[in-house]
Amino acid sequence: MTCFRKCFLVFCGVLALSLLLNMSAFAEEPAVLTVQEPSTTAPAAPMPTTNDDDKWHFVVAPYLWFPGLSGTAGVLGHEASVHASAGDVLSNFNFGLMGAVEARKNRLLVPVDFMWVRLKDNKGLPETDFGPTSVTARITESILTPKIGYRLADTERWKVDALFGIRYWHLGESLTLNPSSLQFSRAQNWVDFNLGMRVAAAVTPKMSVTVFGDEGGGGSRLDYQVGGFLGYRVKHSVALLLGWRYLYVDRQDKGSGINVHMSGPLLGVSFDVK
């Protein structure tokens with residue numbers, strides 16, 4: 001287990017304890033606290049209360065993700081070390097788009113998450129080529145994550161979901177060696193299976209906190225994500241989202257591969273459609 005994941009588990013434990021203490025402090029208050037329910041394993045959408053009414057409920061949550069990256073990218077035997085902060089990504093007008101849809105009936109969950117990310121590093125360092133002084137690395141990812149889940153706990157104050165699904169990756173990589181301007185590129189597609197958990201808890205009548213994570217593999221050696229966010233309800237069926245997401249992937253295939261950490265802030269809004 002990496003140091004990052006150990007820190008995240010400690011963070012989740014501390015957060016869960018603080019939320020439990022916070023909820024017990026509200027136990028005697030007449031106001032009803034309701035969880036702004038996550039729409040997928042990524043950021044989330046609100047629902048006003050529990051909905052065990054034998055009807056389908058749908059939530060749509062578009063949002064933006066601004067990830068920085070660090071790690072290595074390889075194309076056809078040429079490998080470069082890459083690093084770009086979220087600020088660097090923004091300055092180059094590269095960003096990520098995410099959209100989430102979730103259908104739920106009683107405790108059955110069917111979330112689908114789509115993410116498109118374009119990342120660029122102009123100052124990558126060559127690791128397998130001698131002569132070039134720098135490498136321009138461009139990485140484009142399209143990621144589709146359909147899942148099925150079961151709500152283990154469903155109350156007005158907190159919710160716990162177990163999720164299983166796949167993560168389909170389309171990865172396009174391009175390395176340009178400088179100053180020679182030689183370019184190497186390749187596209188890859190693969191599928192990883194993953195298991196995940198999601199926990200949401202009410203903090204105030206309009207605000208909730210959600211933490212989520214999953215881990216898997218298959219086409220890649222390992223991929224996992226963790227994150228968390230605040231949801232604030234501005235209307236009965238609309239909430240604003242502010243959080244952070246971390247995604248890691250390690251895949252090597254025939255001299256091409258990627259081993260990168262991507263993390264950054266996200267902003268979004270969610271709608272109860274039905």
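The chain contains two helices and twelve strands. Reading from the N terminus, the elements follow the order α-β-β-β-α-β-β-β-β-β-β-β-β-β. Please keep in mind that this is a predicted model.

**Confidence**

The chain has a mean pLDDT of 78, with 68% of its residues at 70 or more. Confidence is highest in strand 9 (residues 207-218), with a mean of 95, and lowest in helix 1 (residues 3-25), with a mean of 48. Over residues 14-34 the pLDDT stays under 50, and the model has 26 contacts beyond four places in sequence for them. Residues 44-49 also stay under 50, and for these the model has 37 such contacts. Where pLDDT is low, the predicted coordinates should not be read in detail.

**The chain as a whole**

Of the 274 residues, 50% count as buried. The accessible surface amounts to about 12200 Å², and carbon and sulfur atoms account for 67% of that area. Taking contacts between residues at least 6 apart in sequence, 64% join residues at least 24 apart.

**Nonpolar cores**

The largest nonpolar core has 26 residues, and the members touching the most others are Trp65, Leu69, Met115, Ile139, Leu247, Val249 and Met262. Strand 12 (residues 256-272) is the biggest contributor to this core, giving four residues. Another core, of five residues, lies apart from it and includes Leu222, Tyr224, Val226 and Tyr246.

Beyond its neighbours within four places in sequence, Met262 contacts Trp65, Pro67, Gly68, Leu69, Leu119, Glu141, Arg245, Tyr246, Leu247 and Val249.

**Charged pairs**

Side chains of opposite charge can pair when their charged atoms come close. The structure holds ten salt bridges, and the table shows some of them.

| Glu102 | Arg198 | 3.2 Å |

The salt bridge between arginine 198 and glutamate 102 links distant parts of the chain: arginine 198 sits in strand 8 (residues 182-202) and glutamate 102 in strand 4 (residues 96-105), 96 residues apart. Arginine 198 and glutamate 102 are both buried. Aspartate 154 and lysine 159 are likewise buried.

Aspartate 250 counts as buried because its relative accessibility is 9%, under the 20% cut-off. Arginine 221 counts as exposed because its relative accessibility is 61%, over the 50% cut-off.

**A salt-bridge network**

Glu102 and Arg198 return here: together with Arg151 and Asp161 they are linked in a network of salt bridges. Arginine 151 belongs to strand 6 (residues 134-154). With a relative accessible area of 0%, arginine 151 is buried. Its side chain is joined to that of aspartate 161 by a polar contact of 2.6 Å.

Terms used: Residues numbered from 1 in each chain as written. Predicted model: local features only at pLDDT ≥ 70, side-chain atom pairs only at ≥ 80, totals over all residues. Heavy atoms only, no water. Core = buried A, V, L, I, M, F, W, Y, C linked by side-chain atoms within 4.5 Å. Buried < 20%, exposed > 50% of the residue type's maximum accessible area, 1.4 Å probe, protein only. Contact = heavy atoms within 4.5 Å. pLDDT = per-residue confidence, 0-100. Areas by Shrake-Rupley, 256 points an atom, 1.4 Å probe, with all protein chains shown as cover. Polar contact = N/O pair within 3.5 Å; in protein donor to acceptor, adjacent residues only side chain to side chain. Salt bridge = Lys/Arg side-chain N within 4 Å of Asp/Glu carboxyl O.
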